[in-house]
Amino acid sequence: MEISEYFPVWDKLSTEQQNRLTGSAIRCRAKKGGIIHGGTEECLGLLLICSGQLRAYICSEEGREITLYRLFERDICLLSASCMMNGIQFPFSVEAEKETDFWLIPPDIYRRTMEESVSLSNYTNQIMAERFSEVMWLMEQTMWKSFDRRLAEFLLEESALEENSTLVITHEKIANHMGTAREVVTRMLKYFQNEGLVTLSRGKIVITDLIKLVQYSEK
């Protein structure tokens with residue numbers, strides 16, 4: 001994908017600004033499981049996802065993780081360049097859930113162009129607002145929705161992403177996504193198995209009753 005395809009306001013940038021962004025962009029690849037951006041690292045830059053799948057997450061002092069949102073083809077990751085946003089300090093990490101190709105635009109280049117272009121600035125603020133809404137939605141779900149319903153929704157989401165009813169995922173990984181302890185996940189999955197929703201084996205979860213799992217997620 002070309003850099004221009006990520007920005008609907010591309011035509012509103014000057015030729016000099018377009019050349020600056022395309023000329024500074026670096027094509028990168030991350031292996032599955034690789035950490036692209038760590039919570040305490042310096043400002044990395046703007047990530048433009050070409051293919052693959054990333055997850056943005058935060059980690060507590062005790063080492064417990066929770067997924068904020070995921071990034072897919074054509075998505076833009078702004079928080080990895082949060083240093084260019086005045087007043088925003090947000091220690092979070094980005095992990096490659098699948099082998100991922102992406103463009104990296106240095107933060108100083110993007111910030112300079114954004115300061116010159118009202119259109120790019122407005123679009124950047126729009127993306128940031130959308131991400132903030134996703135994080136607020138996550139907080140609401142975590143605070144007010146029961147864990148069994150959240151887990152059912154997570155399994156359905158994973159099945160849709162992988163296009164498969166067999167999920168190759170550990171209980172520990174699910175706990176990291178959902179911000180809870182592995183034991184809590186294991187206990188609820190065993191309950192789901194007893195209810196006939198899933199079957200469990202080492203490193204795998206098979207959804208055996210999709211309709212019932214959907215109904216469970218909507219309780």
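Which residue in β11 is the bridge partner of Val168? The partner is Lys204, and the views below show where such pairs sit. This is a predicted model, in which local features need pLDDT of at least 70, side-chain atom pairs count only at pLDDT 80 or more, and totals for chains, interfaces and linings use all residues. Residues are numbered from 1 along each chain as its sequence is written, and side-chain values use heavy atoms, with hydrogens and water left out.

**View 1. An open sheet has 3 strands in the order β9-β11-β10, with antiparallel pairing.** Strands here are DSSP runs of E with at least two residues, helices are runs of H or I with at least four, and both are numbered from the N terminus. Two strands pair if DSSP finds at least two bridges between them. β9 (166-168) and β10 stand at the edges with a single partner strand each, so one side of each has no neighbour in the sheet. Neighbouring strands are turned by 20° against each other on average, direction ignored. β9 pairs with β11 over 3 bridges. Helix α6 (residues 182-194) packs on the sheet by touching β10 and β11, and its direction makes about 125° with that of β10. For such angles, axes are lines fitted to C-alpha atoms, for helices over the stretch in contact, and the angles run from 0 to 180 degrees between N-to-C directions.

**View 2. β10 and β11 form a hairpin with 2 residues between them.** Look for Gly203 in the turn, with its positive phi of about 75°. The antiparallel strands β10 (residues 198-201) and β11 (residues 204-207) are joined by 4 bridges.

**View 3. The largest nonpolar core has 41 residues.** Such a core is a set of buried Ala, Val, Leu, Ile, Met, Phe, Trp, Tyr and Cys residues joined through side-chain atoms within 4.5 Å. Buried means under 20% relative accessible area, exposed over 50%, and partly exposed in between (1.4 Å probe, protein chains only). Phe7, Leu48, Tyr69, Ile76 and Ile105 touch the most other members. Helix α3 gives the largest share, 6 residues. Leaving aside residues up to four places away in sequence, Tyr69 touches Arg55, Ala56, Cys77, Leu79, Phe92, Arg131, Glu134 and Val135; contact means heavy atoms within 4.5 Å.

**View 4. Helix α3 has buried residues that pack against β5, β6, α2 and α4 (147-162).** Among the buried residues are Leu120, Tyr123, Ile127, Arg131 and Val135. The 27 residues of α3 should span 39 Å at 1.5 Å a residue, and the end C-alpha atoms are 39 Å apart, which agrees. The expected span is 1.5 Å times one less than the number of residues.

**View 5. Helix α4 has buried residues including Phe147, Leu151, Phe154 and Leu155.** Its 16 residues should span 22 Å, in agreement with the 22 Å between its end C-alpha atoms. Just after α4, Glu163 takes a positive phi of about 55°.

**View 6. Cys59 is in no disulfide.** A disulfide is a pair of cysteine sulfur atoms within 2.5 Å, and the structure holds 0 of them. The nearest cysteine sulfur to that of Cys59 belongs to Cys77, 17 Å away. Cys59 is partly exposed, with a relative accessible area of 46%, whereas Cys77 is buried at 0%.
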